[in-house]
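User: Can you walk me through this structure? I'd like to start with a sheet and then look at a pocket.
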Amino acid sequence: MTRKPPAEDPGDARLRVGPPKEYAAGIPAVTSSLRHAGEQMGVRRSLLTLLRVNQKEGFDCPGCAWPEPGHRHKAEFCENGAKAVAEEATVRRVTPEFFAEHSLEDLLPRSDYWLGQQGRLTHPMYRPAGADRYEPISWDDAFAVIARELAALDHPDEAAFYTSGRASNEAAFLYQLFVRGLGTNNLPDCSNMCHESSGSALVETIGIGKGSVSLEDLYEADLILVVGQNPGTNHPRMLSALEQAKERGARVIAVNPLPEAGLLRFKNPQKPSGVIGGGTKLADQFLQIRLGGDQALFQAFNRMLLEAEDEAPGTCLDTAFIERYTHGFEEFAEHARKVTWDEILRATGLPEEEIREAFGQVLAAERIVVCWAMGLTQHKHSVPTIRDVVNFLLLRGNIGRPGAGLCPVRGHSNVQGDRTMGIYEKPDAAFLDRLGAEFAFTPPRRHGHDAVDSIRAMRDGDVKVFVALGGNFVAAAPDTDLTEQALRRCRLTVQISTKLNRSHVIAGEQALILPCLGRTEADLRPGGPQLVTVEDSMGMVHLSRGRLTPASEHLLSEVAIICRMARAALGDTGPQAPWEDFEADYDRIRDRIERVIPGFEDFNARVRQPGGFALPHPPRDERRFTTATGLANFTVNPLESPEVPPGRLLLQTLRSHDQYNTTIYGLDDRYRGIHQGRRVLFLHPDDLAERGLSDGDLVDIVSEYGDGVERRAHAFRVVPYPTPRGCCAAYFPETNVLVPLDSTAAVSNTPTSKSIVVRLENLADPLPDPVCPPPSAERRG
């Protein structure tokens, strides 16, 4: 069925394509930031709000988890940070009158961009069974609905509780306490769909699922490898850190299938050279690797390091470190020497001379940092790839050394903190023991569902209640149509949200929208204003203080919503937790956190120190590895890379510059030359010609997985772009429909959104009517 959105949602009828940019930031970034802020907040509100972002007495940016430097600029935010703040602090409102006007059928065909642009949610809303729209509901009645449906379950495992990375530490801690008090570990979170592969590999090899570097380590490095990451769009403040590292003499190698403007050249808008000058060239070398070829590159480096040590013993490897701190070197080395150049070149798609040039920079560097993001984590072989990154750093003792280490760059602002707080479907026994002792109850021990398994369970009728603490689960999840069908099978779906999004439109038999305070807003309780804490990507914990007047007097904080939901659902059973006291004073939550989670001793006092405090990291701080062997583990990983049948392409999904995760700020991707549209497919000019396609042609993208289901993303405009031959790229969430639910990374179960085998079908039909874009996808079985 063709879904016709209204005229205010023009789709891609105005799409324009120009040449990609050769630099990031500069004056255009400043102009874009101010324009977005002004449109959403107005001039005065924008100035008052943006000057508090990431300040020691301000609030943490609701965007990415990049850490704050010790010395902070008055404007300590990036372009996408300004957009994230503007989206949350907007003066636009979604009131009960909006829902009275718009049925779910009316909202269904609207784009994610249109939904997000409607503004902040102001009232709790309820969609009763059989109704075609949401209607207002009191908070007490909303919690009664949740309590009733949870009580009606045959078992607590028939409920699943999702968490977005924007939840505070305090909210996350109480959320997992409530869920385990119910009797389940069904705690899927956004990590399951992004950096779960990183955590899986790092826990096994170094004993902790977090990166081992601080911001200062980045500044002190001799060589920084930025692999499978686009910091210019996804973590723009990282560009300032790379610039500072370059000024101190570091070299940078960018490894990515697409050339990214931010890694080519950075014009820092806070410096004269970034405004009127040429900026800073960041990448000394760009390795345009084939999708999924990163493991082969690191195996090549590892083989060459071993061979260089053979030729000049005692000069290349850190043998003292290997002997004292590692396990499994001999087995690893035997395997590493066997990888062939034919295998390496086929998997990477790189010329041998480029790999050897990069290896020359590796040999010249004493201190090396490897940074990565979802370009490494969303493949079938992601965990082995990251294990080989660890092998690479262990060979030269580059873990636990200043200026060196592992740097998985997390996405959402507190995604790492949520995991620290216990948001995990497979908790360890020691954590559960401490939690149970503190709150006098017996937490469940059986492992719960992650994100992918939660979708399967909803599909199969095994999960009947789904609660989401933030995020936009429908848009973030793989296999869009299947995910939507799964959620609609639930008896109740609950979304704790600040803004309208796709997950509110895809409702269960009953559905609740519970509107919460945003990071920018004052959280006023009878005892005074409340503060929350977050943990950044490098393990620093600090305070966040909202100052704006809340968008509505009917909003509750995430903490208050969780506390009242727990009181309604648990009654006098489960944890002996003073939910009313927690809601009234967040210091009392932090007192309990410090008694349950190591590293948070004297939490309330230390977090009030300027800049907060660093959590302990044994490999970094002591070169102590809490693995099964008590040492850092070298691993043996067979070389893998995606196999693509003749005539097919390998697709990666990615963000545009006008979005953060599933939030669409606008319809431009300035750095890639895309304006006023999103339904584009980037591929090599030779791949276009081979398929008889020309720039601007429309194609259906059809994924081929082998399960008998055809997944189709309809009517994408092809754009010639400098990608590796045989590889292509398109934006999510529009192409999440192509990611099969069962195509996941080994060990981590993360969807393989960076390696989808697809074919293209040319469409001879003319462009659709400007007010009637084609449906996002159709699924045929």
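Predicted model: local features only at pLDDT ≥ 70, side-chain atom pairs only at ≥ 80, totals over all residues.

User: How many strands form the open sheet, and in what order?
Analyst: The sheet has 6 strands, in the order 6-5-18-17-16-7. The pairing is mixed.

User: Which are the edge strands?
Analyst: Strand 6 (135–136) and strand 7 (159–163). Each of them pairs on one side only.

User: What holds strands of a sheet together, in general?
Analyst: Strands pair through backbone hydrogen bonds, either parallel or antiparallel.

User: Parallel or antiparallel for strand 16 and strand 17?
Analyst: Parallel. Strand 16 covers residues 465–469 and strand 17 covers residues 492–497, with 5 bridges joining them.

User: Which residue in strand 17 is the bridge partner of Val467?
Analyst: Val494 is the partner of Val467.

User: Which strands does helix 7 lie across?
Analyst: Helix 7 (residues 139–151) lies across strand 5 (125–127), strand 7, strand 16, strand 17 and strand 18 (510–515). Its angle to strand 18 is about 135°.

User: New topic. How much space lies in the largest pocket?
Analyst: About 1200 Å³.

User: Which residues lie nearest its centre?
Analyst: Val203, Ile208, Gly209, Arg419 and Asp428, out of 38 lining residues.

User: Which elements give two or more residues to that lining?
Analyst: Helix 9 (196–206), helix 22 (415–420) and helix 23 (429–439). Helix 9 gives the largest share, 5 residues.

User: And how do the lining residues divide into nonpolar, polar and charged?
Analyst: The lining has 16 nonpolar, 13 polar and 9 charged residues.

Notes: Residues numbered from 1 in each chain as written. Heavy atoms only, no water. Pairing = 2+ DSSP bridges. Helix = DSSP H or I, 4+ residues; strand = E, 2+ residues; numbered from the N terminus. Contact = heavy atoms within 4.5 Å. Axes fitted to C-alpha atoms, helices over the stretch in contact; angles between N-to-C directions. 1 Å grid on protein atoms, 1.4 Å probe; cavity = no way out; pocket = protein on both sides within 12 Å on 5 of 7 lines; lining within 4 Å. Points joined across faces, edges and corners; volume = space filled by probe spheres on them. Nonpolar A, V, L, I, M, F, W, Y, C, P; charged D, E, K, R; others polar.
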